[in-house]
Amino acid sequence: MTVTLGHHAVGSTFQVSGSAPGLADYSATKSGIERYTMGVARDLGPRNITANVVEAGLMEGGMQPPDPETLKALVSSLSLQRMGHPDEIAAAIVFLASPAASYVTGAVLDAHGGYNA
């Protein structure tokens with residue numbers, strides 16, 4: 001049996017579009033996490049270590065726009081028409097950390113309710 005170690009990070013859909021004013025620094029750091037993880041996947045793959053990013057979308061209890069109208073517009077732009085739950089992101093991370101994902105590396109798993117659909 002082969003044991004796979006993993007490096008997993010959580011990104012954000014905001015890094016894709018930088019869709020709100022004042023999020024330039026936030027978007028840049030989240031984008032950097034994605035690119036760094038891809039490099040780590042290449043560097044550590046020969047040691048049987050995987051590296052992936054879960055790109056989280058709009059989450060209940062997370063960083064949210066200050067006004068209700070902006071929040072309503074963002075939610076209505078999602079294919080699933082709802083905010084995500086932290087346990088849904090946790091499930092994606094559990095999958096990537098499991099043996100079922102032993103051949104998944106350098107990937108971005110979008111868990112954002114269809115933000116880019």
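The structure is a predicted model, in which local features need pLDDT of at least 70 and side-chain atom pairs count only at pLDDT 80 or more, while totals for chains, interfaces and linings use all residues. Residues are numbered from 1 along each chain as its sequence is written, and side-chain values use heavy atoms, with hydrogens and water left out.

The protein chain holds four helices and three strands; here helices (H or I, at least four residues) and strands (E, at least two) are DSSP runs, numbered from the N terminus. Read from the N terminus, the order of elements is β-α-α-β-α-α-β. Of the 117 residues in the chain, 33% are buried, where buried means under 20% relative accessible area, exposed over 50%, and partly exposed in between (1.4 Å probe, protein chains only). The accessible surface of the chain is about 7000 Å², and carbon and sulfur atoms account for 60% of that area; the areas come from the Shrake-Rupley method with a 1.4 Å probe, and for residues only the protein chains shown count as cover. Among contacts (heavy atoms within 4.5 Å) between residues at least 6 apart in sequence, 73% join residues at least 24 apart.

Turning to the interior, a nonpolar core is a set of buried Ala, Val, Leu, Ile, Met, Phe, Trp, Tyr and Cys residues joined through side-chain atoms within 4.5 Å. The largest such core consists of seven residues, namely Val54, Ala56, Met59, Ile89, Ala92, Leu96 and Ala101. Two or more of these residues come from each of β2 (49-56) and α4 (86-97), with α4 giving the largest share, three residues. Another core lies apart from this one and has five residues, including Leu58, Leu71, Val75 and Met83.

Buried positions in α2 are Ser27, Lys30, Glu34, Thr37, Gly39, Val40 and Ala41.

Two loop residues deserve a look at their backbone angles. Most residues other than glycine have a negative phi. Asparagine 48, in the loop between α2 and β2, has a positive phi near 65° and is partly exposed, with a relative accessible area of 29%. Glutamine 81 sits in the loop between α3 (68-76) and α4. The phi of glutamine 81 is also positive, at about 60°, and this residue is partly exposed, with a relative accessible area of 48%.
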